[in-house]
Amino acid sequence: MTRVEQAEPMAPGHHPAPGELRLRTGAWYGDYMLTLPIPPSWQLNVFTPNPGAPLTDAQIAEQLESPVGQPPLREACRGKARPIVIVDDLNRPTPAFRVVPAILRQLLDAGIATQDVGIIMAPGTHGAPPPDALVKKVGAAAAGSCRLFVHDCNRDVVKVGRTSFGTPVLVNKHVAASDFVIGVGGLYPNYTAGFGGGSKLALGVLGFRSIATLHYGHQSMGWGTPNSRSNFRRDLDEIAHMIGLRTTVSLLLSGDREVGAVSCGDPQAYYASALRSAQNAVRAPCPDEHADVVMSNAYPNDVSLTFVRMKGIGPLARAPLGASRIAIASCSEGLGFHGLLPFLNAPRYHSQRMMAIRARVLLARPRLLAQKIYRRLSNRHGAGPAGRNPIWLYRPDAADAARLPAEIPGMRVTSSWDEIVEAVNREQGGREALRALVYSCAPLQCLG
């Protein structure tokens, strides 16, 4: 049996009591603590980010008083009439409701009434968020008083130009019509850019063709690579400048989705330093050859299976051959959707559309095309070791969440923790003394 409860945040380097493991789950849908019974013979090693003590609302507001490279918003926005705040969607764990009230107070000091402030949710190609997403993201007060918009990458975009890399810049019409753009996001590991935050917030309000061109037109940096000057990032910096996004707030979160640090101001001025701090805070060791069990908790990116696969199971891919692999995720919204990388729910003719966009981008960049062909040929036998154990996906409250597909390649889904413990026992040949590595919030963690 398992139980759920409200609990105090876990401390970094947490060593659970014998016989139990406590992990948080259900991001945006309860954020509750889960207690899992663990066989007493298992040796648990739990890795947790350490961004610092949680900040109070007053401390967050104080950070916004001293932005890097520019004056506070109450000065920078004086004389403006149509400011807009970009926030990411529920597939990102950013607690924008901790920041938006302080932003609105500064805008009010600048003479801008709250009802004249726009807030736009920026899902990129993630699909339409649920109806209550903006209330969850920015809080009921802001959602009830500001002008609210949800970006759709396939409609209501206007072209504002082309970057020096050749990327067409199509942006949401409400962002284009604004006279001051503010972004609120987080410093999270990311495959394409290495880390999110800063100018990457611009990507969420772009048109589909812009987003696809960005991804196909640059080499991916790799998960958690601290590079603020990659071509992908430089292209995004140009886009941010073109759409007016020159003020951003980037949050560094703990494993409990608490704000541990705030960086704000001109992303060109603060981002590199914030990136170094973020990488130090979220570093965790890779699974070693002596690991018998590797557990990857997909919180706080466990809203849907699509994003669990993209961001929540990295440690399982690095598990040694023969290790049992366990993912923990609520998947409250079920399967989810990503327009560039759909999983089990690609729309009709999706692959043909992507091939056409990729070909157009790469034919215009022959050097990049040659690099990608070389990598493909070099890795044609590199799909990973055969014979790995399947990933057991533990879904605590499946009855209260959207359904998942009956068949999921490489995964077995269950809401019975006892079933998973029994499966591990079989996979490990009945051995009792097992070394288990636990990544308490894998989407926030960098391995190395």
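This is a predicted model: local features need pLDDT of at least 70, side-chain atom pairs count only at pLDDT 80 or more; totals for chains, interfaces and linings use all residues.
Visitor: How many disulfides does the count come to?

Guide: A disulfide is a covalent bond between the sulfur atoms of two cysteines. The rule asks for a pair of cysteine sulfur atoms within 2.5 Å. By this rule the model's count is 0.

Visitor: Which cysteine sulfur is nearest to that of Cys146?

Guide: Cys146 takes part in no disulfide. Its relative accessibility is 9%. The cut-off for buried is under 20%, so Cys146 is classed as buried. The nearest cysteine sulfur is 13 Å away, and it belongs to Cys77.

Visitor: Which residues gather in a patch of positive charge on the surface?

Guide: Lys and Arg count as positive. Patch members need over 30% relative accessible area and no salt bridge. One of the members is Arg162, with a relative accessible area of 47%, which makes it partly exposed. The patch consists of Lys159, Arg162, Arg209 and Arg360.

Visitor: What is the phi of Asp156?

Guide: Start with its place: Asp156 sits in the loop between strand S7 (147-150) and S8. Asp156 is partly exposed, at 43% relative accessibility. Most residues other than glycine have a negative phi. Asp156 is not a glycine, yet its phi is positive, near 55 degrees.

Visitor: Where is Leu344, a residue with a positive phi?

Guide: Leu344 is not a glycine, but its phi is about 70 degrees.

Visitor: Which residues does a cis peptide bond join?

Guide: Most peptide bonds are trans. Here, look in the loop between strand S16 (293-297) and helix H10 (305-311), where Pro300 is found. A cis bond with omega of about 5 degrees joins Tyr299 and Pro300.

Terms used: Residues are numbered from 1 along each chain as its sequence is written. Side-chain values use heavy atoms; hydrogens and water are left out. Patches are made of residues with over 30% relative accessible area and no salt bridge: like charges are joined within 9 Å, nonpolar side chains (Val, Leu, Ile, Met, Phe, Trp, Tyr) within 5 Å. Accessible areas come from the Shrake-Rupley method with a 1.4 Å probe; for residues, only the protein chains shown count as cover. A salt bridge is a side-chain nitrogen of Lys or Arg within 4 Å of a carboxyl oxygen of Asp or Glu. The place of a charge is taken as NZ of Lys, CZ of Arg, CG of Asp or CD of Glu. Buried means under 20% relative accessible area, exposed over 50%, partly exposed in between (1.4 Å probe, protein chains only). Helices (H or I, at least four residues) and strands (E, at least two) are DSSP runs, numbered from the N terminus.
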